[in-house]
Amino acid sequence: ERVGGAAALWQGRGPQTACVGCCCCVEWRPPHANSWAVSRQTPSVSGLSLSPGGVTMEERVRLVAEAAKQPVTFEQGEAIKRKLQKQGLSCPWPPVVLSYATQRRPEDAEGCGPGMLYAEFVSDLLMDEGINCFSGLHVPAGDDWEMYFSKINGRRAECKVLVVIQTDALFKSKPCMWEIHEAMVKAEIPIIPLVFEGKMPRKRDCWANIEKSDHKNQTKLDQLDRVDYFDVNSIPAPPHTVLSQPKAVETFLQTIKHILSKD
């Protein structure tokens, strides 16, 4: 499970319009309008503006949490990929790379799941701050997703930090483990686990689906252990998540800016 789809926030709500001239209201759009389906009179990089006149961070996080409860359709997933692929064209070698697991559920369309929604949310947060990023969602249609690794550790890579969007599904995804390994072991860059669901499993339960006979991947896990991946502090601290502690978003952005300011 690698790439997938995103839930539109307003599934089934239909087009409704509220006043866009005050700080309390936003314009509602049907899901196909854009992935976040919220706009203001003053355009912003992401669908949900954090500037005066937009929604609060608490509201923004609440909308993400609500959207993640809904089935993710193929159309919604394609809309979010088109959006992020277009953003990715502006900066082929970004300073931030995201790792996420799709987490497809039975009710979701093929290749779609709430993990994509979390990845879009983080991408929008960074773009709002003028920080370019890359994820599997940014890979253009028809291209090999393994181009992702060149963004972390390629000859032209400018990646300074890997943001790990932590969910229960992350610890079952081999590609996610490969991405974290590429960052910490090969590129030797820091990671930031950003918790959206669950909690950090016990070490022996992380990627427990990798068979003991799979020596290549078992070696990668051992190497992650040696660079202390399993001891890295997350944002927010357990047992909280971004969805339960919206203020953690500000901590996350401050941490990102601090890392990028070192150069």
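Contact, on this tour, means heavy atoms within 4.5 Å. Keep that in mind for your opening stop. Helices (H or I, at least four residues) and strands (E, at least two) are DSSP runs, numbered from the N terminus. Select helix α2 (residues 74–88) and helix α3 (residues 114–128). In α2, look for Gly77, Ile80, Lys81, Lys83, Leu84 and Gln87, which meet Met116, Glu120, Ser123, Asp124 and Met127 of α3. Sorted by class, the residues of this α2 and α3 contact are four nonpolar, three polar and four charged. Here Ala, Val, Leu, Ile, Met, Phe, Trp, Tyr, Cys and Pro count as nonpolar, Asp, Glu, Lys and Arg as charged, and the others, Gly among them, as polar.

A quick note on what you are looking at: this is a predicted model, where local features need pLDDT of at least 70 and side-chain atom pairs count only at pLDDT 80 or more, while totals for chains, interfaces and linings use all residues. Residues are numbered from 1 along each chain as its sequence is written, and side-chain values use heavy atoms, with hydrogens and water left out.

**Stay with α2 and α3**

How do you describe two packed helices? You use the angle between their axes and the distance between the axes. Axes are lines fitted to C-alpha atoms, for helices over the stretch in contact, and angles run from 0 to 180 degrees between N-to-C directions. The axes of α2 and α3 cross at roughly 30° and come within 11 Å. That is why α2 and α3 are called roughly parallel to each other. (Angles under 35 degrees count as roughly parallel, over 145 as roughly antiparallel, 65 to 115 as roughly perpendicular and the rest as oblique.) The crossing of α2 and α3 is left-handed; a crossing gets that label if the near helix is turned anticlockwise from the far one by less than a right angle, and is right-handed if clockwise.

Keep α3 on screen and select helix α1 (residues 57–68). The α1 and α3 axes are 9 Å apart, at an angle of about 160°, so α1 and α3 are roughly antiparallel to each other. This crossing of α1 and α3 is right-handed. Show the side chains of Met57, Arg60, Val61, Val64, Ala67 and Ala68 in α1: they meet Pro114, Leu117, Tyr118, Phe121, Asp124, Leu125 and Asp128 in α3. The α1 and α3 contact has ten nonpolar, no polar and three charged residues.

**Now the sheet**

Strands of a sheet pair through backbone hydrogen bonds, either parallel or antiparallel. Which order do the four strands of the open sheet follow? The order is β4-β3-β5-β6, and the pairing is parallel. At the edges sit β4 and β6 (191–195), each pairing on one side only. Two strands count as paired if DSSP finds at least two bridges between them.

Select strand β3 (residues 96–99). Two bridges join β3 to strand β4 (residues 133–134), and Val97 stands opposite Phe134 in β4. Towards strand β5 (residues 161–166), β3 has four bridges. In β5, Leu162 is the bridge partner of Val97, and Val164 is the partner of Ser99.

Is β3 buried or exposed? Val96 and Leu98 on one side, and Val97 and Ser99 on the other, are all buried. Buried means under 20% relative accessible area, exposed over 50%, partly exposed in between (1.4 Å probe, protein chains only).

Move on to β5: six of its six residues are buried. Val161, Val163 and Ile165 lie on one side, with Leu162, Val164 and Gln166 on the other. β5 and β6 pair over five bridges, and Ile165 stands opposite Leu194 in β6.

**One more pair of helices**

Select helix α5 (residues 174–187) and helix α6 (residues 215–226), which pack at an angle of about 45° with axes 10 Å apart. The two helices α5 and α6 are therefore oblique to each other, and their crossing is left-handed.

**Zoom out**

Show everything again. The protein chain holds seven helices and six strands, and buried residues make up 51% of its 263 residues.
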